[in-house]
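Please open the model in a viewer and keep the selection panel at hand. The stops below are arranged so that each selection leads to the next.

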Amino acid sequence: MSAHAGGYSADPRIRWIESLPWIVAIAAFFALPEYLSLGARILIYILYALSLDLIVGYAGIITLGHSAYFGLGAYVAGILAAKAGVGDPMVQLAAAAAAGALLGIGTGAIILRTKALTLLMLTLAITSVLLEIANKATALTGGADGLSGVVVAPIFGLFRFDIFGKTAYLYCLLALLLGWWLVRKMIYSPFGTSLTGVRENSLRMHAIGAPVYWRLVLVYTLSATIAGVAGGLITQTNQFVGLNVFSFESAGELLVMLILGGVGRIYGAFVGPVVYLIAQDLLAKQFPEYWYFGIGTMLVLVVMFARGGILGILDSILVKLRRRP
Amino acid sequence: MNIALETCGLCKSFGALTVADDIDFRLESGARHALIGPNGAGKTTFVNMLTGALAPSSGTIALGGEDITAMGQAKRVKRGLGRTFQINALFRRLPVLDNVALAVAERRGVARRMLRAASAHDDVREESMELLATLGLAEDAGVRILDLPYGKQRLVEIAIALGLKPSVLLLDEPAAGVPSLESHRILRVLDNLPKHIAILIIEHDMDLVFRFAQRITVLVQGEVLVEGPPEEIASDRRVHQVYLGEQHHA
């Protein structure tokens, strides 16, 4: 599961080891039925992290405001379900995706004209503005109390969301599978390679005639769309939306998850949320007041000793093993 | 002879500092033209204005008769203007093949495609490999730029520019930082460049300039001092004073 860089020399075929996350996910469904709610949350965060990896890891766009798209997707799905009476989960998800895309293209077209700290601050500003709008528009969003009464109809009229979280888990797994397939395909495509080019040297990309700005706007929009879907999924599985979906903490947490797993590796977005959310769950039970200390220690260790994240550590171990006679 | 690239009254100022002053310049189709001048003469600024990386304060630039002064970099490249950089501007963590393929894919309009794998675009791969072979880099196709000797990196710079099939190629010090033994290899590559490409070379290595160029423009403090064939430039007293003189006394 080393870095997936794509490119004209890369073999795009799916390797056997890439089936591992799916085997683990299916095994968890049968082996850990009491943890399916946590499992669904992890799957959603993997999709969310995957969307972030696309822009941070592959296109080199730094952001602290990805929760804007996730949050908007969550609220759009929630408002449709709770206020507009649209119960069909597919319609909710499509609306969440469209909302993420629209916000992505609208904001991306503006903020991607900037770089570095300015860009970082603008991404933060966007999510802060949306947070405040959601806070004030109580009639629509429930404000600080959150939006409850989210009703999700059975999927395709057949599969009802059950209290054990079985349907939600499989539903999220399928959404993740589709998201992963799209992201992977994109990374190995000429478009993905050109994104790597922009990340590596935007000066040269301009000099070879690449419309760098538009490429960035496009990938940002695609990423926002996926984040919107992830937001829609969190609403459907929780049947509730709170202001925290827009919070800076949510965006920061996601970035921490990605760094933990490994940026620009596809599967770093799988490993990071699994480790982070399981650690959060375990530590919060054991040390309710100090659990952030454990997460912080983990992050410090990774940043100091493994710049490539957990997958980076695995990579370097594999390289050392291969070098041994 | 057709004019491939032409500037009229090109000026660039940064506040009170004028770095390009009323530059009238002509590059004929298929020409081998050199732009020389002491450090700070404004050569790279001039090239940056030609490519669109820097907007001129006034004046016009025409490529193949078309006014491109207000045109963005990407559009200029699509119209046939290629360049190399004085300091390597490569995709350092990508293999040599991908460095060239990115340019080829961009020119062929393949780079925006999302559904087929990049490596499945045989036309891009084959053209890139052919290009690398003509520059003697075929064996290095899979080597990352980070692991490539500097002299070869300079050749990759040229390969990327050639991948764009330019009608005008601006070479900004192609032999800069290259040991003299390897600079002959670069000169050989330059000698073998397709004859239809108009080439403007900016270079400090006078041996290379006088061997390569059919015409030389001398730029001093942002102004054209003199322009002519190499023998005229070599015997021009003003050039000796401001530029070559330093070389002769060295």
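Select strand 1 (residues 3-14) and strand 4 (residues 58-63) of chain B: the two run antiparallel and are joined by five bridges. Helices (H or I, at least four residues) and strands (E, at least two) are DSSP runs, numbered from the N terminus, and two strands pair if DSSP finds at least two bridges between them. Within this pair, C11(B) stands opposite S58(B) of strand 4. This is a predicted model, in which local features need pLDDT of at least 70 and side-chain atom pairs count only at pLDDT 80 or more, whereas totals for chains, interfaces and linings use all residues. Residues are numbered from 1 along each chain as its sequence is written, while chains are lettered from A and ligands numbered from 1 in the order in which they are written.

Four strands of chain B form an open, antiparallel sheet in the order 2-1-4-5. Its edges are strand 2 (17-28) and strand 5 (66-67) of chain B, each of which pairs on one side only. Contact here requires C-beta atoms, placed from the backbone, within 7 Å.

Next, display chain B as a whole. Its secondary structure comprises nine helices and ten strands, and its C-alpha atoms fill a box of roughly 55 × 40 × 35 Å along the principal axes.

Two loop residues deserve a selection. K165(B), in the loop between helix 5 (150-162) and strand 7 (168-172) of chain B, has a positive phi near 45° although it is a residue other than glycine. It counts as partly exposed because it has 16 C-beta neighbours inside 10 Å. In chain A, Q239(A) lies in the loop between helix 10 (212-238) and helix 11 (248-261) and has a positive phi of about 55°, without being a glycine. Q239(A) is partly exposed, with 17 other C-beta atoms within 10 Å.

Then show both chains. In the interface, 27 residues of chain A are in contact with 36 residues of chain B. On the chain A side, helix 7 (166-188), helix 8 (190-200) and helix 9 (202-207) each give two or more residues, and helix 8 gives the most, with seven.

Finish with A159(B), which touches V100(B), L131(B), L132(B), L135(B) and L137(B), not counting residues up to four places away in sequence.

Key
Contact = placed C-beta atoms within 7 Å. Buried ≥ 20, exposed ≤ 12 C-beta atoms within 10 Å, placed from the backbone.
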